[in-house]
Amino acid sequence: MAALRGSDVLEASQVRILSADGEVIGAGFLVAADVVCTCAHVVTGALGVPDTEESAPGTPVDLDFPLLGGRPRARATVVSWRGGGADVALLRLDAAVEGARPVPLVDGTGVWGHTFRALGYPDGADDGVWASGTLRAGQGAGWVQMEAQEPGPPIEEGFSGAPVWDDAQDGVVGMTVAAHLGERTAYLLPSAELVDERTLRPRCPFQGLAPFTEADAEFFHGREGDTARVHTAVRRRPVTLVAGPSGCGKSSLVRAGVLPRLRAEGMSVSELRPVPGVRAAAVLARALTGILEPELGEVERLARAEELAGLLETGGDVPAELRGGVLARGASAGHVIFVDQFEEYTGAEPAAARGLFGLLAALAGKDGAAVLRVVATTRPDSLDVLVTAGTSDLVSDAVRFIAPLDAGDLERAVTAPVDAVPGLWFEPGLPERIVADAGDEPGRMPLVQFALTELWKRRTRSMLTHAAYNDLGGVAGALVGYAEETLAELTQTQQDRARRLFVQLARPGDGDTFSRRPTRAADLAPELLDVARELAPGKLVVLSRAPDGAEREEIVDLAHEALTALWPRLRQWLADSRDFRSWQEQLRADLLRWQTQHHESARLLNGTDLAEADRRLAGHPEDISADERGYILLSRRHSRRGTRLKQAAVGALAVLTVLAVVLAISTRESLKQAEEQLRTQAAGLLAQSAEDRPGSDPATALQLALAAWNTKQTAKTRQALLHQYARGQYLVGSYPSVWQGQVTGMDATPDGRTLVVRSKPGGGSRLAVTVVTAALQGEPRARKLSGVPEGELATAISPDGRLFAVAARDGVRLWRLSDPKHPDILDVGDHDLPEKSGATLDFSSDGKRLLLTMDDDSNECFNNPRRCTPAFAEAWHVPSGARIALPDQLVPGTRLKEAAFTSDPDTVVTISYIKKELTARVEIRDFTTGRLRYTSTAQTLNGSADLWAGGEILVRTDTTTPYAQALGRIPGRKTELRTVVGAQDATSRYSVDDASISAPCARPST
């Protein structure tokens, strides 16, 4: 027989059901390594009992595997029985048969027109005969019709129990159960009806937020090329660093891909996960003690690990000497030490991380025929910590970068695990939908795995369905929805404690990012540890033991770093606590330095650091651990002792100082009188000069008055200063004739170094636009722009002051201010710019994109039946001037108030009105995909919500306490505004109240 697609596994699964005297009764097939599926009536025929038997027969059934070499025979016992219309029996083999393989079960619905094949044993054909044909559709009994083709044998008695192989799907779609006598029409029972989950207990092939382990290797797919590449690197190099962004699957790649291969080659494996707060030598010593002396009790291991840590800290060739002992205890081919999540250690303890990397590099190597290898996972930003003059070559040679999965590999990672589970499959089109929803963000794998795990829990019989996926809210909604549901199950007190717990399990990173911080259970308050145990079954928090450590201490950790970026509630908690947690991480670094340097008093807190620690301790007493509290209190006692010593020294010095002063007083008094007379005369002359300056030169007059007052404070100099203060109390410089005409508007860069002034020369209606630079240096230079259009203008200047854009009725112009004479005309596509609708222009924070938004003039449209132009947005790539395709949902079509880039150049914030403009909706969306990242509403009846600083700040005055909030990919920390918010200055970062006094608008850091 010619080899057909899938024929190997089909042939290896075939079973003949035999009677007690060896007669072939029917067919069957393996659905698991030791489970055979066949028809119930075939079993009754083999055992000689009535077909009407309702309960499972207890007599063993004889069978063999006709297409395996030697036709091995076996016996099996019925473990699942569904007689009657279902007609299915599952038999468990007394022992698995070598060479036999279970078939993959695939979806038995929607198979019209697929070709099939089946092997049966009709009368006179005990060796079997193949039939083939075409599948049709289901009928009333739940069976699927199939038609055997001519020429070829029909499907008849003897085919009962035979698996029906679908060539299109490369799997078994069902089992042959009936046929019309004398015809070529037969019927199969779909595969979904064959699996009894009480017998074939399903195993979830997905891992949720947890990484794949060696035990899950059969379900780990999509990384075959990377697995081979990293495996080769580990075999050839002493140290391998697997680097990739968070959430790309580094840990799973090593655990489920590389380590099983190394074990199969005769290498043993141990794991090391460094916990922040433990010095480098102690981290390695605890792991090595578990390898070298596994028979020791806990107390002995603690003591031995501390001794070994001391030896490692002395330097020398200790790691190289330990290598031989490790290899002697390991497998024949060598030993591998796996260091997972190394970035957690480098982020918290950079110096200790460099020390640990050096120890691991010294430990790795060859000893005879055996080798000791080290493989670690880390993020790319951690590599900078490890690179020194002595390790740069080693790091460069060790790194193997791992990129996020592309769409094809991601689809394989989604579908292949399902193929490995008997009787489990996707509803058509669902895998493609999941891959599309996952997008191309680096951290999408944990989201996909979590969504698939929740989808598996909601499976309908053997199928993962679109309906269940919709209920989850898709890839992104699954995690957020589950986290919120889990939190909602806690009491209010527990929820408050959960907030404190989650804040402690994350560390502030660069910008607005956060990273996981595994924490020892002993460092958590008892009530927080109780909440962690409450959350652990739901997998938001993971409780584990330090691998191979001497202490085997319990570690509390977030399930995955993706929670810090994708769960909005947690993200807001972390943003609100960033200041405190940043200070606390610095305190922990100071505490560790003090501990490792033998409790030197010079390493205790003092001065402003101690004052800040006292303030933080008073404000967050429940969030500071006992060790941290003790360190602060000890610093306070030491500071008090130092203060008393200083007071005594100051007293002695004061006595000596008094004696010296008495001797100098007589000489000083005579000199002082002469000096005072000269100061009074000079101050008077300066004050008079200030009064004599003309009104056109207020800056010089004010400087002269200040000089007079600083020379000698008299009634005359005070009067001169007050006079100049009244003339221009906020004036810092005055420069006439910089531009022409009355000013109608101004744009300025955030640093005020570049100004773009709009004015009307000669009182006319046409605008002139002038670029002013170097005003802050006192030497303003002006250049006039050419090609400025007429009419109402919307304008914007780039943050670096190099670009200026104008939107008018006839289009959008872009000036590169190095060439003010020749503006570029930007293509607005098919859009007409309405005359009365409001336009806004904004540059991204990196100056590479320009965004134009046009509202729909909603008030006019609401009061007028005429058709209005919907709101829309256009964007351009500034360096090239090319239009950027935008998603339709980036801005709302109606009642748009304003839109701009946030401080993150990849997100856009919009404010629009709902409910007749009494409520404003604030939304932050992804610039490229339009995906919603954040939304909130504001009641504008008694206040407003406005964008400042080109969308980087949201100012809310509709609340009891007005506040400003920094905007990035998500909102940052809120800052209370203590004064009434007035008009914006030209940078839109400051407000001016009714008294014309400049006051900075709060700009919280992100």
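User: Which residues touch the most other members of the largest nonpolar core?

Analyst: Start with the general idea. In soluble globular proteins, nonpolar side chains tend to be buried together. Now the case here, in a predicted model. The largest nonpolar core holds 80 residues. Those touching the most other members are Phe 426, Ile 434, Leu 455, Leu 464, Leu 501, Phe 502 and Leu 563.

User: Which helix gives the most to this core?

Analyst: Helix α14, residues 444-457, with 8 residues.

User: What does Leu 501 touch, leaving out residues up to four places away in sequence?

Analyst: Contact here means heavy atoms within 4.5 Å. On that basis, Leu 501 touches Leu 524, Leu 528, Val 531, Ala 532, Leu 535 and Val 541. Another core, of 44 residues, lies apart from the largest one. Its members include Val 31, Leu 68, Val 88 and Leu 200.

User: How many bridges join β39 to β38, and how many join β39 to β40?

Analyst: Two strands pair if there are at least two bridges between them. Strand β38, residues 896-901, pairs with β39 in the antiparallel sense over 5 bridges. β38 and β39 form a hairpin, with 5 residues between them. Strand β40, residues 919-926, also runs antiparallel to β39, joined by 8 bridges. There, Val 909 has Ile 924 of β40 as its bridge partner.

Conventions: Residues numbered from 1 in each chain as written. Predicted model: local features only at pLDDT ≥ 70, side-chain atom pairs only at ≥ 80, totals over all residues. Heavy atoms only, no water. Helix = DSSP H or I, 4+ residues; strand = E, 2+ residues; numbered from the N terminus. Core = buried A, V, L, I, M, F, W, Y, C linked by side-chain atoms within 4.5 Å. Buried < 20%, exposed > 50% of the residue type's maximum accessible area, 1.4 Å probe, protein only.
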